[in-house]
Every structure is written in structure tokens, then in C-alpha cells.
Amino acid sequence: MGAVPYLALLSAIAALGLAAFFFNDVKAASPGNDRMVYLMNEIQAGARAFLKQEYTWVAGFVVVMAILIGAFISPWGSVSYVIGAVLSATAGYVGMNVATMANARTTEAAKDGPGLALPLAFRGGAVMGFSVAGLALAGLMIVYILFVIVLEIDDAFEVVTAFGLGASSIALFSRVGGGIYTKAADVGADLVGKVEAGIPEDDPRNPATIADNVGDNVGDVAGMGADLFESYAGSIIAPISLTAFTLGLLATQADDDFVISLLVFPMAVAFIGMIASIIGSFTVRGGASTDIRKLSAALHMGTNVAMGITVLGTLAVSFWLFGGDQYDNPVGLAISVIGGLVVGWAIGKVAEIWTSDHYAPVRRIANQAETGPATTILSGISSGMMSVAASVILIVVGVLLAYMGGQMTFPADAAFLNGIDGNQFGGIYGIAVAAIGMLATIGVVVSVDAYGPIADNAGGIAEMAELDPSVREVTDALDSLGNTTAAIAKGFAVGSAALTALALFKSFEVAISTAAVAEGKDIALSLDVGEVEVFVGLFLGAMLPFLFAALTIDAVGRAAQKMIEEVRRQFREIPGLREGQPGVHPDSARCVAISTQASLREMLIPGALAVVVPLVIGFVNINALGGFLAGALVTGFALAIFMANAGGAWDNAKKYIEAGNHGGKGSEPHKAAVVGDTVGDPFKDTSGPSMNILIKVMTIVSLVFASAFVGFA
């Protein structure tokens with residue numbers, strides 16, 4: 001059992017080796033003609049410049065948080081926090097670089113059809129996927145091995161938890177900043193170019209086109225990568241911290257076979273999932289058809305294979321670690337993990353049903369576009385809300401299944417739990433490991449997600465390089481599939497966020513009690529809504545996701561307004577630009593600068609809220625903080641699902657019309673659908689994806705600073 005952390009570390013190194021292999025594979029492909037190479041380099045330069053500035057700004061926040069953690073927790077906690085932040089930023093930067101390298105190569109491959117283009121775009125995304133998975137697992141295992149096994153420091157598990165907070169800090173600002181950037185450019189390009197000027201999407205005459213393509217990479221690749229890095233690390237940390245804080249462990253006490261089994265089981269599942277993802281990634285193959293269903297089947301083959309291997313491996317690991325006489329049923333925790341995996345897949349399927357144009361909701365929105373923008377908006381909102389109901393039911397089923405699975409494992413009066421109710425502990429532990437089940441195959445899940453922005457960029461390059469329309473037909477088919485895969489990955493991320501946050505919340509509750517005993521204070525966390533502090537906290541928590549969403553949507557609106565004014569100015573003041581006269585080019589650099597400056601400025605307040613508000617409430621009243629976290633978890637989850645699926649549905653309704661339905665491009669229904677898509681842009685790519693980070697950041701901040709709250713009380 002003691003070898004599991006080292007096995008997990010080796011699997012992470014293997015994932016990084018695979019990322020290097022795919023990088024070389026993508027690099028060897030032809031990037032196309034000189035015009036395509038020029039566009040690729042422009043997009044890459046813009047993305048690098050943005051990330052450099054963003055990380056410079058965020059570095060200041062990281063330094064402040066590291067000082068606070070060092071002062072209130074321990075200097076080792078600061079080290080762990082910085083490691084998590086640096087690795088998260090590294091994963092995003094690596095993924096962005098290869099995505100901007102793979103876009104033109106995918107366009108070139110699309111000249112020969114989707115059979116070559118799809119696997120190439122997937123392998124470009126796989127560099128991101130396995131960089132995220134490999135760096136997250138490797139970093140976490142190094143921190144665990146160093147502080148728990150080698151140094152055996154007293155506050156080792158608080159230090160391990162700080163790694164997750166570091167990852168969360170980068171994820172929060174990357175998602176918000178990148179999301180504001182990409183949607184400001186996208187909205188400006190769509191409303192002025194497609195609606196007002198009547199020119200095609202990604203037309204080289206549009207000054208915002210380069211900025212739009214840069215945004216796909218800094219938001220949907222770098223931001224998404226940091227997001228899922230944090231989700232994956234958090235899902236592994238949650239059951240480890242739950243075990244450590246519940247059993248009151250010091251690193252030197254973590255040598256009992258029972259304790260070791262509980263601590264290493266999440267790592268063992270991560271190890272199985274990593275190996276399964278590596279195997280699954282080699283099963284993705286393209287074909288000659290541009291039919292979305294066939295492309296989807298080819299792309300999801302890797303995920304399905306990885307899931308199957310993970311199920312079998314989890315059963316074997318559960319028998320190995322929990323097959324002794326002191327456990328009721330070794331299959332119990334396997335059921336929890338597999339249940340999480342299946343529910344994560346099912347939430348992704350719900351996202352696909354509500355965002356793919358092969359199903360009724362998207363076609364209904366396209367049909368509503370016949371009567372204008374208002375009905376298009378109403379139909380998209382109702383579809384998004386309906387998808388919340390389905391996703392919540394699935395999460396409830398997953399929570400109950402995971403809770404029962406954990407209860408099946410431990411007898412209620414187990415002596416080795418030292419008086420702790422085995423059913424209750426096992427149930428919460430089951431919920432915690434269910435989150436790992438959702439993200440066990442993250443290597444291939446992120447690969448499929450990162451494929452989307454690469455395909456989107458490939459279409460933009462095809463248009464700007466004025467290639468044959470048949471190339472754009474292939475890239476449009478790949479891009480449409482990418483919108484659906486993005487919605488599926490967001491479903492996995494927000495589902496795991498709900499389960500992880502619940503487990504971290506339980507760890508927070510136990511950490512408060514443990515710190516109170518150590519301080520000699522009579523303090524215990526209460527969630528009785530009859531107490532005014534809890535009631536007030538509950539309402540504040542329910543409010544914050546709405547405030548956060550409003551701030552980020554408003555930020556996109558303000559940034560987009562500047563972009564729209566700039567694009568209009570260039571069409572008005574540059575002679576021959578709108579007409580496409582030879583030798584007349586837009587000032588794309590100005591649009592890139594507008595998105596960069598606006599997004600960096602606008603990300604600060606929403607990002608700071610997620611950290612500052614729980615700290616302020618925690619130092620004022622611990623019970624209010626408990627209610628606050630509970631309220632934020634529920635409304636944050638619902639808002640994330642609603643916005644992600646509504647935005648995806650509007651986007652694909654527009655693409656469904658552009659494919660020739662309901663009058664096709666340039667028709668009145670198309671203009672209405674573009675308006676719907678514009679409203680949905682910040683929903684699905686800025687505010688919605690940020691929600692799962694928001695609820696976890698607030699919970700993990702509260703957990704890390706739990707002892708400080710008690711000391712101050």
C-alpha cells in the first residue's frame with residue numbers, strides 16, 4: 001500500500017511523456033502555406049502576450065496569499081501553495097502553446113478531410129490534457145511524499161491542502177480573465193462583422209478576428225486547463241483531507257493499515273484512471289464523413305475505453321485495499337467511484353442533449369429564431385433551466401449512491417474508527433471519492449475538450465487564408481462537435497465541484513472542531529437555519545454566485561463595447577477595408593490590446609471576491625461561514641449548469657441555421673440566432689465555467705484557514 005503514491009507519481013510522469021510524444025507528432029505535421037503560418041504566429045504571439053501579462057498580475061495575488069498562509073498556517077504551507085499555483089500556470093501555458101501550433105496544422109489536414117484533421121486536433125488537445133493531468137498528479141504526489149512520508153511534519157495534511165488552494169487561485173483568475181478576453185473579442189467580431197457589416201465569421205476584413213482566435217486559446221485552452229487542473233487536484237485532496245482531519249492525524253500517525261488504505265485509495269484510483277486515459281487516447285481515429293454523429297463517436301471512443309478500464313481497475317483496487325476482515329464490503333467504495341464516473345458521464349450526456357443540434361432543444365431554439373431575437377433568448381433560457389433539473393437529479397442520485405457505497409464499506413461501530421460513526425464517515429468518504437470517479441479519466445476528457453478551440457481556430461484560419469470552401473466545411477463540422485465536447489467537459493467539472501466541495505465542507509467542519517479542542521474553546525460548526533447567523537450566511541452564500549455572474553457578464557459587456565466601437569471605427573475610417581480591396585488590412589493589434597487591457601482590469605474584483613468574502617465572514621462568525629458555503633454551493637452549481645448549457649445551445653442553434661436550415665446565413669432567423677449566441681457567449685465561456693471554481697475556492701480557503709478562524713474567535 002505504501003507504494004501507491006510512488007505508482008501514482010510514475011503514472012503522472014508517463015502522462016507527461018505522452019504529452020511530449022503528442023507534441024512532437026503535432027509539430028511534425030505541415031502548417032500550410034505562408035499565409036496560414038503568418039496567421040498561426042499572430043494568434044500565438046497574442047496569446048503569449050496576454051498570458052505573460054495575466055500571470056504577472058496574478059503573481060502579486062499569489063505572493064500575498066503565500067504570506068498569509070505562512071503567517072496563519074505554516075511556512076511549508078506557503079511552499080505547497082506556490083507549487084500548486086506554478087504547476088497550474090505551467091499546464092495552461094503549455095497547452096496554449098501547442099493549441100496555437102496545432103490550429104494551422106489542423107486546417108492543412110482538413111484539406112484531405114476529417115480523417116486526418118480530427119486525430120490531429122485531438123492530439124493537439126491531448127498535449128493539454130496529459131499536461132494538466134500529469135502536472136497535477138505529479139505535483140500533488142511530490143508534496144504528499146515530501147511532507148507526509150519523508151519529513152513527517154505535524155501539519156502535513158494542511159500543507160497538502162494548500163496545494164489545492166494554489167491551483168484554485170490560478171484557475172479562478174485564468175477562467176475569469178481568459179473568459180472576459182475571449183468573449184469581448186467574440187461579441188465584437190459577431191455583432192459588427194456578421195450582423196452590421198454582413199461579412200462571414202472569421203473574415204480577414206474583420207479587425208476583431210485575430211483577437212477572437214487568440215481568445216479561444218487563452219480562455220478555452222489555458223483557462224480551461226487551469227480549471228480542470230484545480231478540479232482534479234481538489235478531487236484527490238478532498239478524501240485525503242477528510243480522512244486526516246476526521247481521524248485527527250499527524251503525519252507520524254499515518255502508518256496504520258486502515259489509515260493508509262483510506263489515504264492512498266484516491267491516489268490508486270487516480271493511477272488507474274491515468275493509465276486508462278493513456279490507453280484510451282490511442283483509440284481516437286478519424287473517418288471520411290463530416291457527419292457529427294460519426295465524428296462524435298470517433299472522438300469519444302477514447303473516453304469510453306478509458307472509462308471501461310477505470311471501472312475494472314477500481315474494482316480490483318477496492319478488493320486489494322478494503323478486502324480485510326475489518327471491512328463490511330470491499331465493493332462499497334468501488335460502487336461510489338464508479339457511480340461518480342457514470343454520473344459524470346450522464347451529466348455530460350445531458351449537456352450533449354441540450355447543446356447538440358441533433359436533439360430537440362437546439363432545434364427548438366433555431367425554430368424560435370423565425371420570430372426574432374426575443375423568442376430566441378426565451379427559448380435558450382428555458383432550455384438551460386430545464387437542463388439544471390436533469391443535472392441536479394443526477395447529482396442527487398450520485399450523492400446517494402456514493403453515500404450508500406461508503407456505508408457498505410465500514411461497520412457503524414468499527415473499533416478502528418475510535419468512536420466515530422463508521423456509517424457517517426464512510427458515507428461522506430464515499431461522496432469524496434465519487435468526485436475522483438468523475439475526473440479519473442481527466443487526461444482524455446481534457447484532450448477532447450481542448451480539441452474544440454483548436455478546431456475553432458482551424459476554421460478561422462481557413463476563412464482568413466481564403467482557402468477552398470470545402471476546407472471550411474470540414475472545420476465547421478469539427479467546430480460544431482467542439483461546442484458539444486466543451487459543454488460535456490464543463491458538466492464533468494461542475495459535477496465534480498459539487499461533490500468535492502461537499503467533502504471539503506465536511507473536512508472544514510471537522511477541522512473547526514479539532515482546532516477548537518486544541519485551543520480549549522467550546523466551538524462547533526452549526527448549520528441550524530433557525531440560528532440567525534447561519535440563516536444570514538445562507539442568504540449571503542446564495543447571493544454571491546449571482547453577484548459574481550453579474551460582475552463577469554458586465555465585464556464582458558464593457559470590454560465588448562470598446563471592441564465594437566473600435567471595429568466600427570476601422571470599418572469607417574480605413575478606406576476599402578469593408579470592401580476587401582487588395583492591400584488593405586485591419587489593425588488587428590489594436591483589438592488584441594483592447595481585449596487584453598479590459599480583461600486584466602475586469603478580472604480583479606470578481607476574483608478577489610472568492611477569497612476575501614469567506615475570509616471576512618470566517619473571522620467574524622464561523623457559523624455564518626458554514627451557512628454561506630452551503631448557500632453558495634447550491635446556487636453556484638445550478639447557475640453553472642444553466643449558463644453553460646444555455647450558452648452552448650444558442651451557439652449550436654446559430655450553427656444549425658448557418659448549415660442551411662431556416663433560411664441559412666444572412667437570413668432574419670440567422671441574425672436572431674447571432675444575437676442569442678452573443679448573449680450566450682459570456683454564459684458558457686466566462687460566468688458559467690467560473691462557478692465551479694468559485695464554490696471550491698471559497699470552500700478550500702475556509703478549510704485552509706479553519707484553525708485561524710478558531711484562534712481569532
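The crossing of helices α3 and α13 is right-handed, a label given when the near helix is turned clockwise from the far one by less than a right angle. The model is a predicted one, in which local features need pLDDT of at least 70 and side-chain atom pairs count only at pLDDT 80 or more, whereas totals for chains, interfaces and linings use all residues. Residues are numbered from 1 along each chain as its sequence is written, and side-chain values use heavy atoms, with hydrogens and water left out.

Two packed helices are described by the angle between their axes and the distance between the axes. Here the axes of α3 (residues 75-110) and α13 (residues 442-464) come within 8 Å and cross at roughly 55°, the helices being DSSP runs of H or I with at least four residues, numbered from the N terminus. In contact (heavy atoms within 4.5 Å), Ala99, Ala102, Asn103, Ala104, Thr106 and Thr107 of α3 meet Ile454, Asn457, Ala458, Ile461 and Ala462 of α13.

Turning to the loops, Glu152, between α4 (114-150) and α5 (156-196), has a phi near 50°, a positive value in a residue other than glycine. At 38% relative accessibility Glu152 counts as partly exposed, that is, between buried (under 20% relative accessible area) and exposed (over 50%), with a 1.4 Å probe and protein chains only. His662, in the loop between α18 (622-658) and α19 (668-704), likewise is not a glycine but has a positive phi of about 55°, and with a relative accessible area of 24% His662 is partly exposed.

Terms used. Axes are lines fitted to C-alpha atoms, for helices over the stretch in contact, and angles run from 0 to 180 degrees between N-to-C directions. Helices (H or I, at least four residues) and strands (E, at least two) are DSSP runs, numbered from the N terminus.
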